[in-house]
Structure formats: C-alpha cells, structure tokens
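Subject: Structure handover

Hello,

Here is the structure you asked for. My notes on what was found in it follow below.

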Amino acid sequence: MFTSSILSGSSTAGSYFSNIANNTQSARTPNISSSLSPNQIRRQLQMQFATMSFGLSSDEQQQVNGYFSQINNIYGVNDSSIREEQEKKFKELKKELDGLYGLDAEPKKLTSEEQKKVDDLQEQLDNLYEIVPTKDPQGADRQRAETLKWELKKMYYPEGKVLTAAEKKKEASIQKELKTLFGINGPKILDKDEQAKADELNKQIDEIRGTTKKELTETEKKRAEEILAEMEQIAGSLVTHGLSKAEKNLYYKLDEQAEALKAKAKESSLSDAEQDKLAKITKNINTLLDKAASIQEQQDQQAGQVHGQLNGFFSQLGMMGGGTLLSTTI
C-alpha cells in the first residue's frame, strides 16, 4: 500500500517549512491559542448561543435561520460541522496509528549532547535535500519572513490539521516566497542511493529521539493499512471539496498512480516513458486541485459576506440590549 501525497511530509524535505514555522529561536510570536481577537471571541459566542440565549422574536429567529441557510447553501452542506467531525476522526486515527508503532509516549527530553547529535544529522539531511538557506534576510525581508512563518504556524494549527485545496495553494505560495527570501534551492528529489542515505540518517535521529517505529505483527500491519486508507479518504475529501463526484474519483485514481510511480522511483530509476507519465499525472492532479481551490476560495468569500451580515445583526441586538453577551465590550 502506498501512502498518499496528502499524508506525506514526515521526511526532512516534506516537513521543512513546518519546521521553519515552529522555529522558536527566530519566531517570537504569541501563543496561537491566545490569538483570538475580541471580535472573533464575540462571533464564536454569537454562533454558539444565538438560538438559545437571547430570547429572539420569531422574526429575528427567522432572519438568523436565513443566514445559516445561506451558508449551508454556499457550501452544499454544513461544511464547518462536517470538517470538524472529519478532523476529529483523522486525529483519532492518527493516535491509533501512533499507538500501533509505539509512538504515543511523551516526547523524550534530549540532553545537550543528544541534541547536538540530532542537529548534526539534521544538517546532513538538509544538505542532502539541498534545503540549507544560503541567505540571511535582513530589514524588511526579515520582517516579511517572520510574517510568513507566522502564517504557516496558523495554517498548521491545531496539530494534525488537514489542509483544504485552497489552504494547500496558499501554503505553496508561502513556501515559494520563503525559499526566495532564504535562498533555498531544494527540496531535491533524491535518487536511490541518496534516498538510502536519507533513510539511514532519519533512522539515527529516531534512535536518539526514541521515535523508532516498532515492528508490527501481520494483524497490526493490516490494521495500519486500514487506518492509512481511512486517513487518506478523509484528507482527500477535504482537499477535493467542491469538485464533482466524477472529478473526485479521477483525483483518487491519479493520486494512486502517482504514488505507485514515486514508490518505484525509490527502488529503481524510472524510464523516460514513466517519467513523462508521472509528469502528466502530476499536471492533471494540480489542475483538479487548482479548480477545487478556486471553488473553495469563492465559497469562503461568499460565506464571509454572510458572516459579516450575521455579525452586524447580532451587534445591533447587543447594542440595544446594553451589556448582554453580544455587547461590543466583550
């Protein structure tokens, strides 16, 4: 079984920009869990308690219901509720998978010597993937880099979040700009020998950190494959939201073909015909994801307008009520 590209990113190259986003040495930003503005907090309270805490008249209740109906019609479903359920299930599956591999323990606290070894190994990996920064941005470029890293931090929160196509498109744009700012050439696609070296370096890092996966029994392997398949289905559902059923099915088919070719490339070199096939498949996948991203962005804009109207409606009620839960003083 092949792991979908949606779920990949455990390698150094795949996780590089998430590492940048979480680099506390250079990114001094507030804790993201405390980043909600008073307006955002008030909006959440409005959404949560609107229909049960404010004694709305029948006309007011009908107006509120109309706003929520508009949002449901924009997305085709109660999108936020379904996404929350999917992400919750995704995290539960990830937790079970970590348990199978013995990776569910508390992170090991490294000694200074162990951390130095990890840093040395990581540097070798970074050189292998050609993701070592060649520039140190200063002034306005440094400020821009910090802003971009903060944007990535928000995108990756909460841990285990699965990005939609629109979010992935934004992530790719941020990564591209960061590469320019830091003068990064990679990540490089490794050949067979380079991949073997990368695997060995990652193995050594896991041994030091205590994150080596345990060998699974046949029963456990079967369950791990089932979990990965379900995680891929959830991720695929989120990333292809907005596409037709036929387009979604085509995406899954192309993604499976692409992963099969990538897996083969790790064992032996692809023929010219296979490389051409992989390039065409990747192009078609990107076309589908670009369409999904465009649909999702348009839906988000339309929903944002409705949320603005809903906020305005509740703000009026709050001002009339003088210090209720909807008050602008919250």
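The largest nonpolar core in this predicted model has 21 residues. Those with the most contacts inside this core are Leu125, Tyr129, Ile174, Leu178, Phe182 and Ala198. Four helices each supply at least two of its residues: H5 (112-129), H6 (139-155), H7 (165-182) and H8 (192-209). H5 gives the largest share, with five residues. Another core, of 16 residues, lies apart from this one, and Ala166, Tyr251, Ile285 and Ala293 are among its members. As background, nonpolar side chains in soluble globular proteins tend to be buried together.

On the fold as a whole: the chain has eleven helices and zero strands, so the order of elements from the N terminus is α-α-α-α-α-α-α-α-α-α-α. Of its 330 residues, 34% are buried. Among contacts between residues at least 6 apart in sequence, 81% join residues at least 24 apart. The accessible surface of the chain comes to about 20200 Å², and carbon and sulfur atoms account for 48% of that.

Two places in the backbone deserve a look. Most residues other than glycine have a negative phi, and most peptide bonds are trans. The peptide bond from Gly186 to Pro187, however, is cis, with omega near 5 degrees. Pro187 sits in the loop between H7 and H8. The other place is Glu130, a residue other than glycine whose phi is positive, near 60 degrees. Glu130 belongs to the loop between H5 and H6, and its relative accessible area of 39% makes this residue partly exposed.

Next, the charged pairs. Side chains of opposite charge can pair when their charged atoms come close. The structure holds 17 salt bridges, and three of them are described here.

Lys264 and Glu274 meet in a salt bridge with an N to O distance of 2.4 Å. This pair links distant parts of the chain, with Lys264 in helix H10 and Glu274 in helix H11 (residues 272-321), ten residues apart. Lys264 is partly exposed at 38% relative accessibility, whereas Glu274 is buried at 18%.

Lys262 pairs with Glu259, and the closest N and O atoms are 3.6 Å apart. Both are in helix H10 (residues 245-267), and because they are three residues apart there, about one helical turn separates them. Lys262 is partly exposed, with a relative accessible area of 37%; Glu259 has 10% and counts as buried.

In helix H6, Glu146 forms a salt bridge with Lys149, the closest N and O atoms being 3.3 Å apart. These two residues are also three apart in the helix, so they too are separated by about one helical turn. How accessible is Glu146, and how accessible is Lys149? Glu146 has a relative accessible area of 19%, which means that Glu146 counts as buried, the cut-off being under 20%. Lys149 is buried as well, at 3%.

The Glu146 and Lys149 pair is part of a network: salt bridges that share partners join Asp136, Arg142, Glu146 and Lys149.

Regards

Terms used
Residues numbered from 1 in each chain as written. Predicted model: local features only at pLDDT ≥ 70, side-chain atom pairs only at ≥ 80, totals over all residues. Heavy atoms only, no water. Core = buried A, V, L, I, M, F, W, Y, C linked by side-chain atoms within 4.5 Å. Buried < 20%, exposed > 50% of the residue type's maximum accessible area, 1.4 Å probe, protein only. Salt bridge = Lys/Arg side-chain N within 4 Å of Asp/Glu carboxyl O. Contact = heavy atoms within 4.5 Å. Areas by Shrake-Rupley, 256 points an atom, 1.4 Å probe, with all protein chains shown as cover.
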